Amino acid sequence: MKEGWEAIIGMEIHAQLATETKIFCACAANFGDEPNANTCPVCLGLPGALPVLNEKVVELGAKAALSLGLNVNETSIFARKNYFYPDLPKGYQISQYDKPFSSNGELTIMTAERDEQGRAGDWKPLTIRIERMHLEEDAGKNIHEGLPEVERFSYIDLNRAGTPLGEIVTAPDFRSSWQAYDYVNHVRRVLQWVGASDADMEKGNLRCEANVSVRRIGEEKFRNKVELKNLNSVRFMQKAIEFEIERQIAAHEAGEPVNQETRLWDEKNNQTRIMRSKEDAHDYRYFPEPDLQPLTVSKQFIEQVKADMPELPDAMHDRFVEEYELSYNDASQLVSDKDLAAFYEATAQASNNPRVSANFILSELLRELNNADKTAKDSPVSAENLAELIKTLDAGKINNNQAKEVLTEMFGNGKSADEVIREKGFEQISDRSTIEKIIDEIVEKNQNQVVAYRGGNEKLFGFFVGQTMKASGGKANPKVVNEILKEKLS
Ligand code: ZN
Ligand code: MN
C-alpha cells in the first residue's frame, strides 16, 4: 500500500446453513434439482401461506455463532425486508434487523501478508469484532440464456428461495486484503468443521462482500466506501480489494471523487467496475414479521449445542503443539482439514510416535493422496495400518527408505504393512553372526583398504559400510553394521 495511507475493510458473509429442508417450509434445500421442483405455497409466496421456523436452523445457527465467538441472543425478531425483484415472489425477504439472532462477537484469526510470489510472511494473531450474525431466507435465482439482441430468455428458479442463511457482519477492522482473505478462510473452515455450513464458494453456499475505503494515516473520519460484490472465490476477493485500495488512493491523490457505489470484480480485465451507484440504494422499510413469533433460545439449548460442538481447529492446533510437540507449521497443516486432523491423531496414538506420524502423513501420505486426488477421509491406508508401519520402522525391522516404499505399495493395493514387507523381502537383517560373516569376507577381499584405514584414512570407513550394505542387498541393519565394522577394523 502507498505510504501514508491505510485501508479500512469490513466483511459480510452469507453462509448457507446445512439443513435438509428450507427455513420456513418442509421443501428440500437442494438447489441443483430440476428447476422449481422444491417449492410449495410458503416459498412461492402464495397468499395466505404461513411460515414455520425450522428448528434445525436454530441449532446450526447457534453452532455457527458460537464457533465465531458471537453471543446468541435470548430473543431475536424476524423482520420483513421489502424490495422488488423477480426472484423474490413475496416482495419481501424474511430477515432480521434490529434484534438479530447473535451479536457482539470477538474473533482471533491468524493472518500474514504475502509477497509477490504469494509466499506468506510471519503469521500473527488479529482480533476482529463481529457485529452480528442474523438468520434469513435466501432468494431464488434468475437465469439468463441466449444471445443479447438476438434472442434472450430469462427464467426464475425458486429452488433456492427459502434456503436458510446466516449473514455474518464484521466491524471495519481489516487493514489489508490478505487479512480479509485469511478471515474468510477462517470462517469457511470453522463453519465446515462444526457442520454448520458446507461453505463452498464455488457452489455459492458461501458468498462474501467487502466494504472498502481508504484514509490517510492519522485521519479519524471515514471516507466514502465502495461495496464489492459477486466475488466468486477468496482469491478474486483479495485481488478485488487490492485493486480497489490502489484505485481509491490514486483518485484521492488526484483530487478526483471516490463515489459511494457497488462494484464488481471483472476477472478478464483484472479490475473492479461499477454495478450501481448509491442513488439506487434501497429503503427496505423493515418491520417485524407478523406471521412469526419472536425467537427465544433458552440457556439450556445453548449449553446443549456447546456440549455437542467438536474441539475447534485453533484449540486443536495448540494442543497438537503442546501434547505432541509438533512445530507450529506442521500442526497448522494437520488441522487444515478436520478428517486429516483426526487421521493424524489416530495414527499418533496407535503408533505411540507422534513426531514420525506427523512426518509420514505430511510428506508421504499427503503426496500419495494428492496424486490420487483423494483426501484423508478416503485414504486407502488406514490410520491403524500406517501406525503399524511406523511401529515396524521404530523397532528397526526396516529402514526409513524402505518404510516409504512400503507406504506407497500399501496405498496402491490396500495391503497391511506386514504383508508388503514380507512380499518385498524387506525384513532387515539384524542378526550379528550373519552380518559378521558378510563383513569378514569383505575385509578379506579388501586388504589394501584395511591397511590404509588403519594407517589413518578414516574416510574409508564409508567404503566398508557401502560394501556391506551392497553385499546384504540393502537389508543389513546399519547400526549393527557400524558396530561390527568398528570392532573388525580397529
Ligand atoms: Zn417450500
Ligand atoms: Mn442478507
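The chat below goes through aromatic rings and the charges over them in a predicted model.

Trainee: What should I keep in mind about the numbers?
Mentor: This is a predicted model, where local features need pLDDT of at least 70 and side-chain atom pairs count only at pLDDT 80 or more, while totals for chains, interfaces and linings use all residues. Residues are numbered from 1 along each chain as its sequence is written, chains are lettered from A and ligands numbered from 1 in the order in which they are written, and side-chain values use heavy atoms, with hydrogens and water left out.

Trainee: How many aromatic pairs are there?
Mentor: The structure has 13, a pair being rings of Phe, Tyr and Trp (its six-membered ring) with centres within 6.5 Å, called stacked if the planes are under 30 degrees apart, edge-to-face if over 60 and tilted for the rest. One of them is the stacked pair of Tyr 97 and Tyr 286, at 3.8 Å centre to centre with 10 degrees between the planes.

Trainee: Where do Tyr 97 and Tyr 286 sit in the chain?
Mentor: They are 189 residues apart, with Tyr 97 in the loop between strands E5 (92-96) and E6 (102-111) and Tyr 286 in the loop between strands E14 (271-277) and E15 (287-288); strands are DSSP runs of at least two residues, numbered from the N terminus.

Trainee: Which cluster are they in?
Mentor: Tyr 83, Tyr 97, Tyr 284 and Tyr 286 make up one aromatic cluster.

Trainee: Which charge sits over Tyr 284?
Mentor: That is the charged end of Lys 81, 4.4 Å from the ring centre, where the criterion is NZ of Lys or CZ of Arg within 6 Å of the centre and within 35 degrees of the ring normal. Arg 160 lies over the face of Phe 31, at 5.4 Å from the ring centre.

Methods: Helices (H or I, at least four residues) and strands (E, at least two) are DSSP runs, numbered from the N terminus.
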